[in-house]
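Me: Hi! Could you walk me through this model, one question at a time?

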Amino acid sequence: MAALDIDRAEFLREDEIVIFARSVEKFFDEHAPPERVESWRRDGIVERSFWREAGEAGLLCLAVPEEYGGPGGDFRHEVVLMEAIARRQVSGFAAALHNAIVAPYILHYGSEQQKRRWIPKMASGEFIGAIAMTEPGAGSDLQGVRTTARLDGNQYVVNGQKTFISNGQLADLVIVVAKTDPAKGAKGTSLIVVETADAPGFKRGRNLDKVGMEAQDTSELFFDDVRVPTSNLLGAQEGLGFVQLMQQLPQERLTIGIGGVAVIEQALDDTIAYVKERKAFGQRLIDFQNTQFRLAECKTEATVARVFVDRLIGLHLEGKLDAATASMAKYWVSELENKIVDTCLQLFGGYGYMNEYPIARMFRDSRVQRIYGGANEIMKVLIARTL
């Protein structure tokens, strides 16, 4: 961040983390050059081989212990990867979902057998993970989930429809949020793992056409009497799903804030460089007071966001991040991201509206940050409950 020169928290400046960050940058230089990333946008999906390459480079399931096939890192390593993805706009590569959302459910709630069965495959890139929460009639309100998992002997019979599922076209392993006892509402919710390769009745719908995030495969998933062994239930018993979701959603929401700050910083870096070169009416854009004032406001807000999010990363590493504070990061940073990226696009003028310019892609990709992970309006409800 040469233009902004924002100091990072000390725990993110340790030698090990700095060295790892360099290795991540080198990986993307070699394996995700702009022309390859652009091909993913055209195809609407990141090729499976790239996931294997990331696995071979040790970039999958970064916080997973070595005994389960992971590199044995911690959440700081995930932060480094998420920020590199955001800065480079490799948005189709949903490693944050795979690493920091799906894998932790198995790591925290899975049996020893489940961990050894699934996590090594996720760490290698052989399995790509997804979590199926959202339904056509249930988005941020997870209590409204209608997908069911009926017990039949030693199997669950899963029926329902999910939508807006990231990694949906590629996923080999899907954690399905389902009602094992619909009469109990939230207390009847369970998390069940479906392996998609051999699951009669499982069907992928279309790869959804979105406003942004073109390279991210986002899909409808259908479950029509899909039979799953009872051993695929996450947790010691049925009905723990809602509690499990509530325990893991703070990390998911923090990851949205982390990516948002990285985009803000990259947008400002790109814009500051542009306005120092671009001329209008005989002078550089940076020499106009309007440009200076707008960017001064953006730099101030970016600095506040960086300090805030780094503080939350520290709290999370200490196991002290609560749901309401994570919701603050998700809602406030995503709103700020949209505001600053829009300001930066305006300073690019007509070129900012051209898809070949990174700022245009940031503009499109940033919009969903205010929706997924729980709509920002829901984040405010969660925060308001602490008043």
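Me: Which strand does proline 229 lie in?
Reply: First, a note: this is a predicted model, where local features need pLDDT of at least 70, side-chain atom pairs count only at pLDDT 80 or more, and totals for chains, interfaces and linings use all residues. Residues are numbered from 1 along each chain as its sequence is written, and side-chain values use heavy atoms, leaving out hydrogens and water. Strands here are DSSP runs of E, at least two residues, and helices are runs of H or I, at least four, numbered from the N terminus. Proline 229 belongs to residues 218-229, strand β7.

Me: Is proline 229 buried, partly exposed or exposed?
Reply: Buried means under 20% relative accessible area, exposed over 50%, and partly exposed in between (1.4 Å probe, protein chains only). Because its relative accessibility is 33%, proline 229 counts as partly exposed.

Me: How far apart in space are proline 229 and tyrosine 156, C-alpha to C-alpha?
Reply: Proline 229 touches Asn154, Gln155 and Tyr156, not counting residues up to four places away in sequence; contact means heavy atoms within 4.5 Å. In sequence, proline 229 and tyrosine 156 are 73 residues apart, but in space their C-alpha distance is 6.2 Å.

Me: At roughly what angle do the axes of helix α5 and α7 cross?
Reply: Axes are lines fitted to C-alpha atoms, for helices over the stretch in contact, and angles run from 0 to 180 degrees between N-to-C directions. Residues that meet include Tyr105 in α5 and Gln248 in α7. The axes of α5 (residues 95-109) and α7 come within 10 Å, and their crossing angle is roughly 150°.
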